[in-house]
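Hi! Here is the structure I promised to pass on. Have a look at it first, then read my notes below.

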Amino acid sequence: MTDGATTAAKYKGNAYGAKVAFYDIGIPNAQFLNVPSNMEDMTAPAYRVGARIHTNSWGSSTNSYTSSSYYFDKYSFENQDFLVTVAAGNGGSASATSDGTVGSP
């Protein structure tokens, strides 16, 4: 059996020193997520604690450029060392010919 500390010192891995920050938008027993109306409520705290990648595995069925789309674009432009990603294709029809499969933001 090896000592975990010795092993960790020898094999640091690709993300050595990486940290993960979470922002939970779920509500227990709720049907939908509680997405903040002000996206800065999610991005600014993450940036302050050192996060530089912000991944969001939620989306909407709204097929338009919304205020959250604008905010993420603006925040990304003003903080070019911060990458915002949002899941694509969480909503919409399964049909390849249907509009609205990729929603905002």
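Helix 2 and helix 3 are roughly parallel to each other, a label for angles under 35 degrees. Their axes come within 11 Å and cross at roughly 20°; axes here are lines fitted to C-alpha atoms over the stretch in contact, with angles from 0 to 180 degrees between N-to-C directions. Helices are DSSP runs (H or I, at least four residues), and strands are too (E, at least two), numbered from the N terminus. This is a predicted model, where local features need pLDDT of at least 70, side-chain atom pairs need 80 or more, and totals for chains, interfaces and linings use all residues. Residues are numbered from 1 along each chain, and side-chain values use heavy atoms, without hydrogens and water.

Which residues make the contact? Helix 2 brings Glu40, Met42, Thr43, Ala44 and Tyr47, and helix 3 brings Tyr71, Phe72 and Tyr75 (contact means heavy atoms within 4.5 Å).

Now the largest pocket: about 520 Å³ of space lies in it. Of its 19 lining residues, the closest to the centre are Ala21, Phe22, Tyr23, His54 and Thr55. A pocket is an open set of points on a 1 Å grid where a 1.4 Å probe fits, with protein on both sides within 12 Å along at least five of seven lines, and lining residues have an atom within 4 Å of a point. The volume is the space filled by probe spheres set on the points. Strand 1 gives the largest share of the lining, 4 residues.

Cheers!

Key: Angles under 35 degrees count as roughly parallel, over 145 as roughly antiparallel, 65 to 115 as roughly perpendicular and the rest as oblique.
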